[in-house]
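Please prepare a briefing on the model shown here, grouped by topic and with the cut-offs behind each term stated.

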Amino acid sequence: MMDYDDARGERPRLLVVANRLPVSAKRTGENSWSLEMSPGGLVSGLLGITSQFDTKWVGWPGVDVHDEIEKNALTESLAEMKCIPVFLNGVFDQYYNGYCNGILWPILHHMGLPQEDQHDTNQTFETQYDAYKKANRMFLDVIIDNYEEGDIVWCHDYHLMFLPQYLKEYNNKIKVGWFLHSPFPSSEVYKTLPSRSELLRAILAADLLGFHTYDFARHFLSTCTRILGVEGTHEGVVYQGRVTRVAVFPIGIDPDRFIRTCKLPEVTQQMNELQEKFAGKKVILGVDRLDMIKGIPQKYLAFEKFLEENPYWRDKVVLVQIAVPTRNDVPEYRKLKSQVHGLVGRINGRFGSVSSLPIHHLDCSVDFNYLCAIYAIADVMLVTSLRDGMNLVSYEFVACQEAKKGVLVLSEFAGAGQSLGVGALIVNPWDVTEVSSAIKEALNMPAEERETRHRSNFQYVCTHSAEKWGLDFMSELNGIIPESEMQMRKIPLQLPEQDVIQQYSQSNNRLIILGFFGTLAEPMNSGTKEMDLKLNPELKGTLKALCNDPKTTVVVLSRSGKNILNKNFGESNIWLAAENGMFEKQTTGEWVTNMPQNVNLDWVDGVKNVFKYFTDRTPRSYFEASETSLVWNYEYADVEFGRAQARDLLQYLWAGPISNASVDVVRGNHSVEVHAIGETKGAAIGRILGEIVHRKSMTTPIDFVFCSGYFLEKDEDIYTFFESKILSSKSPNGLDLKKENYFSAAIGQARTKARYVIDSAHGVVDLLHKLAVVADTTMTDSFSDSEIYEPRDANANENSKRWINSVRRRKVEIGDTGQIGM
């Protein structure tokens, strides 16, 4: 168990923010209140962390209070229970009943948006949306009033989707978690929501987002990709240079509470009474809110079909349905209630008798002891949710069935279906025939199979408790994870440009290593293919100045082929490495191959055929072939379609042309690359460095390295290559690197092995311009302008001339010995 105590032994504070406080408040007199803590999954889930955190609750108290004296009295009473009220007077109806329950809830449960009444100016989406944002601001104001430095804030559910953004705007250092207790829909459903992008961006401000199931998390990642255009990874969402962690935390119950209750004498008595009441009959139990998503009509239709097809069971089985009333003021719910009552009357009329009714329908809630008793005596639990975040009723049933070991029939659309699927009978609640068959299978199941299924579910329920859920979420939010994963998730700092310039100006032997694609290349548009890559015209004069500096060596290391690099750098004094170092070219000379003599390229033609096939069937995708590698790119295709095509392409490759080939397959953000095995940029740079030291006959070791590019993950070993070479004294390998004179910078990537990040290739271009000014200032100490810049032929590049003039003007402005102000 982790220890959060600081040196003074104090526990850090946790602010749990939910729409509703976990207490019931009743006015007992003038300015006096009685409070009772409400049981529930969230309350149980936080029991395990109260010993490690000083936990306080923030939420609506459940009552409207307008008088300031009464507000103060209630606030003081709640403070004794570590609760902080948010009074939502004036906005509650449109915030809660309007936007939360009228718009967000149907969308999240795959029910679609209600029709907007254009004639009701008080109930429009816009006014409800404004009330929603205002309510979230009111929660923020209360948090700010009670916030202490170092507090952690855990926000809950769709009622507070704007709160993570508001909190980070107030103080970006606040650690914020957000958990969704409902389903998250597919992107096709979610994108019908007005203000869809704003809500996604708001919750992405959190540090950790939690969901009940992998399906919900997958839908969320897909939705972010389709709507915001961001990339989802196995860790979460990369958005605006930071990673928002997305993880799955299935909530549970407090199983010990149910197990203990079932052993109480008064509960045992109730169990005996129920068994006597239903003597000679099997009991099927349903416990649901009377809600559209709970599938009670579908449950009754399936039960009716079961009685139709199984006359033997008509007087030997009873369905007890507890339907807890909810939102009786909403027309749709009143209509549902009427429909359910109609089905009960019809089925009881068809299959009942004076002394026996097949359905016992209760429009009420029951006390906890009675609930545990009826859970314990039931033979079958029937859960037919059409869409449910988790459905903890199924967990409660399992916890109470230690003696009887009844069968759980569970909807595949309940989140619990992914947790209890091994021991339950999983059904599609819309298929009444399937549910009817499952009822029959459950009633006829042999005792041995019931025992096996129950043990599996009972072990899961006891292990994955609500307490574990709370601990797991807080552990993740606080970063209590293996150190190796911490390093992978570490977000580097922005490149300290002034430090780079200062170290460069003070060094005697500099090495600059750059990628080409996404770094030096001209920005691409939707019609550009990789074989058309061109050097950014702004860099032609800059690279010329850097390469002509005798203290500076420039290396361009690319996955592109020799022809592309020749076309762009053929006349430059630059060291080139094509196809990740398979081919190398010194500043003057011919290309040299580094391919192993026994390399087998028989796979190339087969891979080309597969890539061509997928290019034809994926609009706006393309592929590039070089001597030892092929790359299929879908950057400009539809993101979701391209990703799906990439998955199919990989299956084609492994089943066919590369099944027995010695190749590496690299999955990039928007590409699939196949290349001859064993070559990475890190391996190549070690060889190139040796050649540089040898060919230049270096007597002065390299004491400055700048390495930057938009590299694939497997090529980022180029960064770690130099990390391993950082030494405290001069070394025989030609390097004199220390931490302060080595700079590695990934371009536009939050997850990288580089020390630093640069937002875009434009940042690299700008930095190279500034380094070239330093190089020019250094060279003019020893050479005349004509020696440095005089064109080798009459066709000197005009861009180079313009750049030379700008540098000369810069020198006049700053003076030869003045500090370079950037």
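**Loop residues and backbone angles**

Histidine 110 lies in the loop between helix H3 (92–108) and helix H4 (125–146), where helices (H or I, at least four residues) and strands (E, at least two) are DSSP runs, numbered from the N terminus. This is a predicted model, in which local features need pLDDT of at least 70 and side-chain atom pairs count only at pLDDT 80 or more, while totals for chains, interfaces and linings use all residues. Residues are numbered from 1 along each chain as its sequence is written, and side-chain values use heavy atoms, with hydrogens and water left out.

- Histidine 110 is not a glycine, yet its phi is positive, at about 65°.
- Because its relative accessibility is 28%, histidine 110 counts as partly exposed; buried means under 20% relative accessible area, exposed over 50%, and partly exposed in between, for a 1.4 Å probe and protein chains only.
- Lysine 82 sits in the loop between helix H2 (68–79) and strand S5 (83–85), and its phi is likewise positive, near 60°, in a residue other than glycine.
- With a relative accessibility of 36%, lysine 82 is also classed as partly exposed.

**Aspartate 54 and its surroundings**

- Aspartate 54 belongs to strand S4 (residues 54–60) and is buried, its relative accessible area being 18%.
- The side chains of aspartate 54 and lysine 82 are joined by a polar contact of 3.4 Å; a polar contact is a pair of N or O atoms within 3.5 Å, where within protein one must be able to donate a hydrogen and the other to accept it, and residues adjacent in sequence count only if both atoms are side-chain atoms.
- Leaving aside residues up to four places away in sequence, aspartate 54 touches Arg11, Pro12, Arg13, Leu14 and Lys82, with contact meaning heavy atoms within 4.5 Å.

**The six-stranded open sheet**

- Six strands form an open sheet with parallel pairing, in the order S14-S13-S12-S15-S16-S17; two strands pair if DSSP finds at least two bridges between them.
- Strand S14 (359–362) and strand S17 (425–427) are the edge strands, each pairing on one side only.
- Neighbouring strands of this sheet are turned by 20° against each other on average, direction ignored; axes here are lines fitted to C-alpha atoms, for helices over the stretch in contact, and angles run from 0 to 180 degrees between N-to-C directions.
- Within this sheet, four bridges pair strand S15 (residues 380–383) with strand S16 (residues 407–411) in the parallel sense, and valine 380 stands opposite valine 407 in S16.

- S8 runs parallel to strand S7 (residues 175–179), to which three bridges join it, and glycine 177 stands opposite leucine 208.
- S8 also runs parallel to strand S11 (residues 242–248), through four bridges, and in S11 the bridge partner of leucine 208 is arginine 245.

- Helix H13 (residues 368–377) lies across strand S12 (282–289), strand S13 (317–324) and S15, and runs at about 140° to S12.
- Helix H9 (residues 255–262) packs against H13 at an angle of about 85°, with the two axes 9 Å apart, so H9 is roughly perpendicular to H13; angles under 35 degrees count as roughly parallel, over 145 as roughly antiparallel, 65 to 115 as roughly perpendicular and the rest as oblique.
- In this pair, Arg257, Phe258, Thr261 and Cys262 of H9 meet Phe368, Asn369, Cys372, Tyr375 and Ala376 of H13.
- The residues of the contact of H9 with H13 comprise six nonpolar, two polar and one charged, where Ala, Val, Leu, Ile, Met, Phe, Trp, Tyr, Cys and Pro count as nonpolar, Asp, Glu, Lys and Arg as charged, and the others, Gly among them, as polar.
- Helix H11 (residues 296–309) and helix H12 (residues 331–351) have axes that come within 10 Å and cross at roughly 10°, which means that H11 is roughly parallel to H12.
- By class, the contact of H11 with H12 has eleven nonpolar, one polar and four charged residues.
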